[in-house]
Amino acid sequence: MEVLRSRNELQAHLNSLKHEGSSIALVPTMGALHRGHLELVRIAQQKADVVVVSIFVNPTQFLAGEDLDKYPRTLEADKAACEAIDVDVLFVPDVDQIYSNAPRYIGFTIDQLADQLCGASRPGHFQGVIQVVNKLFNIVRPDIAIFGQKDYQQFRLLECMNEEFNHGIKLIMAPIVRDGDMLALSSRNRYLSVEERQKALSLYSSLVWIKDGLFEKGDINKLLEQAQQLILKEGLKIDYLGVYDAKSLQPVSKVEPIHTYLIAGAIYAGSTRLIDNIVLRI
Ligand code: AMP
């Protein structure tokens with residue numbers, strides 16, 4: 001495995017591989033790798049000849065007061081995990097490889113898809129995500145890129161960005177990987193106490209409650225109220241919980257057949273913000 005820190009080195013390395021006809025898959029991450037990330041790599045390996053994993057804790061997607069400084073950084077373990085599953089290239093840029101000191105194009109006005117869900121309580125977060133992924137796409141110029149369904153809204157926004165900026169990269173969404181207790185894997189789960197983790201399981205249970213209720217043709221508002229109670233009775237704070245059109249991400253108040261919906265929520269367990277979702281095709 002090549003571990004490369006500089007943009008130029010990475011591009012030189014990839015150019016020679018591309019010249020030989022190899023297809024390239026990119027798996028962008030912020031490190032603290034877990035089985036969810038490794039699943040993205042496994043899918044990438046099935047779809048392309050060369051897999052590049054990037055690890056970059058992107059400062060522009062953290063709001064003031066969020067966990068940028070304490071975000072877990074476990075580079076040695078991440079390297080070992082990537083090596084063990086035969087990642088070809090690990091790209092670990094420092095901030096100066098991604099952002100210039102005196103940027104002249106600072107952000108993006110991004111699609112209104114960013115106004116809902118996580119974007120509503122994290123204004124500016126998705127601008128940062130779009131900005132860094134756009135840069136990574138330009139640096140790596142992969143054929144495909146893999147992202148997780150766990151960040152469903154992020155995936156929808158990246159699809160729009162990919163189209164808007166004519167990257168022509170095939171984007172693949174990988175399913176959510178969960179622990180045995182069904183908590184969606186997240187680098188932030190390590191912040192949870194045993195008790196918080198137990199309580200946090202109510203997020204997924206509430207999503208399943210809504211999904212099952214919708215299958216039984218239940219009323220969305222009633223289901224949402226009941227689902228909220230599952231979380232509130234654990235003493236957790238809800239950021240959002242709802243049923244959305246899977247494409248527009250607008251909340252819906254009733255579901256129609258032959259349509260895809262996103263049942264999604266975000267909660268705070270202590271100071272840790274957790275997200276999860278289920279994609280429902282009716
Ligand atoms: P992160 O390092 O948290 O920025 O995540 C990097 C990529 O891994 C994103 O595309 C995430 O959606 C994806 N990811 C994170 N957690 C999971 C999970 N539990 N299952 C599948 N993909 C995930």
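Student: Where does L249 sit?

Tutor: Elements here are DSSP runs numbered from the N terminus, helices being H or I of at least four residues and strands E of at least two. L249 falls in the loop between β7 (237-245) and β8 (260-269). A word on the source: this is a predicted model, so local features need pLDDT of at least 70 and side-chain atom pairs count only at pLDDT 80 or more, while totals for chains, interfaces and linings use all residues. Residues are numbered from 1 along each chain as its sequence is written, and side-chain values use heavy atoms, with hydrogens and water left out.

Student: Is L249 buried or exposed?

Tutor: Buried means under 20% relative accessible area, exposed over 50%, and partly exposed in between (1.4 Å probe, protein chains only). L249 has 0% relative accessibility, so it counts as buried.

Student: Which residues does L249 touch?

Tutor: Contact means heavy atoms within 4.5 Å. Not counting residues up to four places away in sequence, L249 touches L113, Q116, L117, Y152, Q153, R156, Y244 and L262.

Student: Y152, Q153 and R156 are in that list. Which residues of α7 are buried?

Tutor: Those are Y152, Q153, Q154, F155, R156, L157, L158, M161 and N162. Their cover includes α5 (117-121), α6 (125-140), β5, β6 (170-174), β8 and β9 (272-281).

Student: On to the ligand. Which residues come nearest to it?

Tutor: A residue is near a molecule if one of its heavy atoms lies within 4 Å of it. There are 17 residues around the ligand, and H37, G148, D151, V177 and L185 come nearest. Helix α2 (35-47) gives the most to this shell, with three residues.

Student: How do the shell residues divide?

Tutor: Ala, Val, Leu, Ile, Met, Phe, Trp, Tyr, Cys and Pro count as nonpolar, Asp, Glu, Lys and Arg as charged, and the others, Gly among them, as polar. The shell has nine nonpolar, six polar and two charged residues.
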